Amino acid sequence: MYTQTEIIKDTTGIGSEGELVINVGPQHPATHGVLHLVITLNGETIKKIEPHLGYIHRSIEKMCESLNYRQFIYVTSRMDYLSAHINNQACALCVEKGMQIEVPDRAKVIRVLMAELTRIASHELWLGAMAMDLGAFTPFFYTFRERELITDIMEETCGARLTMNYMTPGGVTFDLHEDFQKKVKQFVIQFKEKVTEFEDLVTNNVIFRNRTEGVGIISPADAISYGCSGPVARASGVVSDLRKIAPYDAYDRVEFEEVLDTRGDSFARYIVRVKEMMQSIRIIEQLIDNIPEGDFQAKTKAVLKLPKGEFYSRVETARGELGVYIVSEGGTTPYRIKFRSPGFSNLSALDHMASGSKIGDLMATMGTLDLVIPDIDR
Amino acid sequence: MTNEAIKEFITSAAPTASFDETGEWLNISVEPGSWKDLAHKLRNAELPFDYLFCLTCVDWKTHLTVVYHLSSSKNRQINIVVKSKLDAAKPEIETVCDIWRTAEFLEREVFELFGVVFLNHPDLRRLILTDDFEGFPLRKDFEDPINMIKL
């Protein structure tokens with residue numbers, strides 16, 4: 001038997017007769033990161049998939065144990081770098097919950113606006129990359145055109161395009177850029193106009209539909225058992241949107257629908273994400289003209305101390321449920337911190353989803369899981 | 001299902017369990033020996049706790065605590081936290097990956113980072129660390145003078 005991290009060079013003697021063991025990754029264009037899958041094949045049929053992780057494991061949980069409650073937020077941008085803003089939000093919410101800080105209305109609305117922009121940017125990158133995995137190169141340029149507008153807004157407001165670090169316990173680090181509303185409105189108009197292009201290019205594309213429909217099906221019961229969350233769970237019809245279940249920040253004052261599908265295949269996961277982008281636009285439209293005046297940050301002490309106890313906050317990132325579990329001993333640094341990452345649980349379902357299908361369908365299944373490897377490894 | 005009803009249900013399933021309601025969610029402490037049986041009953045209860053959304057471990061120096069966060073897909077508002085104290089020298093607990101499939105990976109992660117052995121786990125191998133890695137990095141007594149920077 002081979003060991004965990006070894007890349008198999010000699011496959012003789014592994015598996016029974018007629019089986020072939022291949023490596024996908026750690027360097028593979030379709031994994032979009034350093035994910036290593038060891039796949040056992042029988043002919044072209046997948047018998048088993050074993051993910052091997054750790055190629056980008058930085059032990060962020062251990063790192064956070066020596067950082068104080070203002071500093072540790074910045075490290076979490078490097079987990080799920082496509083939802084960096086929402087990661088920061090989860091951490092800020094957890095500290096606020098522990099210290100019982102009341103966040104000003106203005107900060108709450110800004111947070112939701114930025115979170116929804118992040119979600120759209122993340123889904124757009126996913127859409128482009130996923131279509132590229134299946135051989136369609138053009139959608140990538142189309143999605144990046146709109147995504148660029150969001151990263152520009154982020155750059156002007158937060159000073160960074162990907163790792164925003166805009167959140168702080170008690171609110172946001174600084175006030176909105178003066179052109180923010182104008183630029184977001186422009187983006188909304190352009191996005192609504194151009195979103196039909198994705199539909200024409202991808203949704204109604206015969207090749208795309210043939211490759212995704214009926215592929216990588218997961219039943220609702222299995223999705224729950226595997227701890228799936230986010231669009232992966234919702235495509236199977238599992239109610240899992242934390243913005244609805246446990247509204248945080250300003251989500252209780254906006255109207256939007258939880259997008260559900262019942263098919264549970266790769267195409268359903270695609271449809272859920274596309275529709276989710278439209279719901280995000282709906283949230284942005286409701287809030288962009290109603291940003292309350294006032295402070296963008298609550299007054300907090302320079303050194304934050306969480307009382308002794310355990311605090312858990314959860315948010316809906318673009319990939320699913322992110323949980324932050326802080327165990328505090330009353331000091332300025334967490335005693336133990338755990339990040340429940342959505343990608344980790346979604347990845348654990350991959351073996352179940354892809355076993356029995358053809359190796360060619362693997363990328364359609366894996367692509368729609370929307371795996372971000374630093375989020376899985378942490 | 002209120003906290004009281006959950007407490008009653010758990011007391012009937014595991015009489016030694018103790019409760020703590022100071023936090024946001026109901027905390028339940030169980031003996032490692034009675035956990036597997038309780039897990040089965042929670043999963044198959046009238047309101048099934050079928051969603052294990054977080055499994056982790058905390059090193060308290062004198063002992064380790066395995067923490068399970070459970071919720072029900074029927075009502076995601078209801079969350080419970082089950083904890084089990086383990087001996088730091090010989091941390092062992094029954095696996096729950098036949099009850100919640102997600103536990104298979106989560107337990108493998110806890111196994112290599114904390115050294116907790118999950119009995120009867122079908123595939124308890126390392127997931128993240130290299131095979132020649134020594135020690136359990138998330139334990140408090142872990143020292144690595146070369147790679148670890150202390151602030």
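1. Helices α4(A) and α6(A) cross in a left-handed manner (the near helix is turned anticlockwise from the far one by less than a right angle). The model is predicted, so local features need pLDDT of at least 70 and side-chain atom pairs pLDDT 80 or more, while totals for chains, interfaces and linings use all residues. Residues are numbered from 1 along each chain as its sequence is written, chains are lettered from A and ligands numbered from 1 in the order written, and side-chain values use heavy atoms, without hydrogens and water.

2. The axes of α4(A) and α6 of chain A (residues 180–203) lie 13 Å apart, at an angle of about 30° (axes are fitted to C-alpha atoms over the stretch in contact, and angles run from 0 to 180 degrees between N-to-C directions). The two helices are therefore roughly parallel (under 35 degrees).

3. Which residues of α4(A) and α6(A) make the contact? From α4(A) come A:Leu113, A:Met114, A:Leu117, A:Ile120, A:Glu124 and A:Leu127, and from α6(A) come A:Phe180, A:Val184, A:Phe187, A:Phe191, A:Phe198 and A:Val202 (contact means heavy atoms within 4.5 Å). Of these contact residues, 11 are nonpolar, none is polar and one is charged (Asp, Glu, Lys and Arg count as charged; Ala, Val, Leu, Ile, Met, Phe, Trp, Tyr, Cys and Pro as nonpolar; the others as polar).

4. Helix α4(A) also packs against α14 of chain A (residues 362–369), at an angle of about 175° and with the axes 9 Å apart. This pair is therefore roughly antiparallel (over 145 degrees). Here A:Trp126, A:Met130 and A:Asp133 of α4(A) meet A:Ala364, A:Gly367 and A:Thr368 of α14(A). The contact of α4(A) with α14(A) comprises three nonpolar residues, two polar and one charged.

5. The model has six cavities of 30 Å³ or more (on a 1 Å grid, a cavity is a set of points where a 1.4 Å probe fits but cannot get out). The largest cavity holds about 80 Å³, and 13 residues line it, with A:Leu82, A:Ala121, A:Arg147, A:Arg161 and A:Met164 nearest its centre (lining residues have an atom within 4 Å of a point). Both α4 (105–133) and α5 (138–158) of chain A supply at least two residues each of this lining (helices are DSSP runs, H or I, of at least four residues). Eight lining residues of the largest cavity are nonpolar, three polar and two charged.

6. The largest pocket has a volume of about 880 Å³ (a pocket is an open set with protein on both sides within 12 Å along at least five of seven lines; volume is the space filled by probe spheres set on the points). Among its 32 lining residues, A:Arg58, A:Ser59, A:Lys62, A:Met63 and B:Met148 lie nearest the centre.

Notes: Angles under 35 degrees count as roughly parallel, over 145 as roughly antiparallel, 65 to 115 as roughly perpendicular and the rest as oblique.
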